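Student: Could we work through this model by question and answer, taking the strands and their partners in turn?

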Amino acid sequence: MRLADIIEQWQIEQDWQGQLERDEAQQTATMECGYRIREQMFTLYLETDEKRDWLGIYLYAPFNALEHKQSECALLCNALDARRLIGSLYVLPNGRICYQQTIDVEDIAVSSAMISSLVQQAGDYFFSWLDEIAAVALTEATAEEVLGPLDQEEEEEEEVESEPTEEVPNESPEDARLH
């Protein structure tokens, strides 16, 4: 089944509103729809490229980084990406903030469940970091100021995890040994 057909099937199953546009000559398709996260309307794009066996997801924030905050916002995006294994967040030259994940689906059976998972991952990224992204993109807050408390929390968690635990004796009590 073609990737565009799977996107269309997913759209019907999930009852997502949006238009799937196909370019048969290029063997590509793009679906655009809205995605609500924390009472904010994001723009979601799912794109397919049959020739390259690619499936891409793009989720755009409902706001742009202010012009003088774009570099600072890019620093925040890079720092947040370092905390994740999947997808990436970046700032376009016009200030738009976008999560992107592109996967090579050659020899992979793409399913509606897989697409739902990709969309959920993108939504979770913004859900988790929306306040921090907005603070840096729209106010005078810096990436360092926003990440400072988060880094401190992580350091404290690492300290707790690295605390020595009580040593377990090598020998079992006499009554616990097998005879």
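Predicted model: local features only at pLDDT ≥ 70, side-chain atom pairs only at ≥ 80, totals over all residues.

Student: Which pattern does the protein follow along the sequence?
Tutor: The protein has four helices and six strands. Read along the sequence, these elements follow the pattern α-β-β-β-β-α-β-β-α-α.

Student: In which sense do strand 3 and strand 4 pair, and over how many bridges?
Tutor: Strand 3 covers residues 40-49, and strand 4 covers residues 54-64. The two form a hairpin with four residues between them, and D53 in the turn has a positive phi of about 60 degrees. One of the bridges joins E47 to G56 in strand 4. The pairing of strand 3 with strand 4 is antiparallel, over seven bridges.

Student: Which residue in strand 6 is the bridge partner of L59?
Tutor: Strand 4 also pairs with strand 6, residues 96-104, in the antiparallel sense and over eight bridges. Within strand 6, the bridge partner of L59 is Y99.

Student: Why is strand 4 described as largely enclosed by the rest of the structure?
Tutor: A residue counts as buried when its relative accessible area is under 20%, and across the protein such residues make up 36% of the 179 residues. Strand 4 is largely enclosed by the rest of the structure because, of its 11 residues, those that are buried number eight.

Conventions
Residues numbered from 1 in each chain as written. Heavy atoms only, no water. Buried < 20%, exposed > 50% of the residue type's maximum accessible area, 1.4 Å probe, protein only. Pairing = 2+ DSSP bridges.
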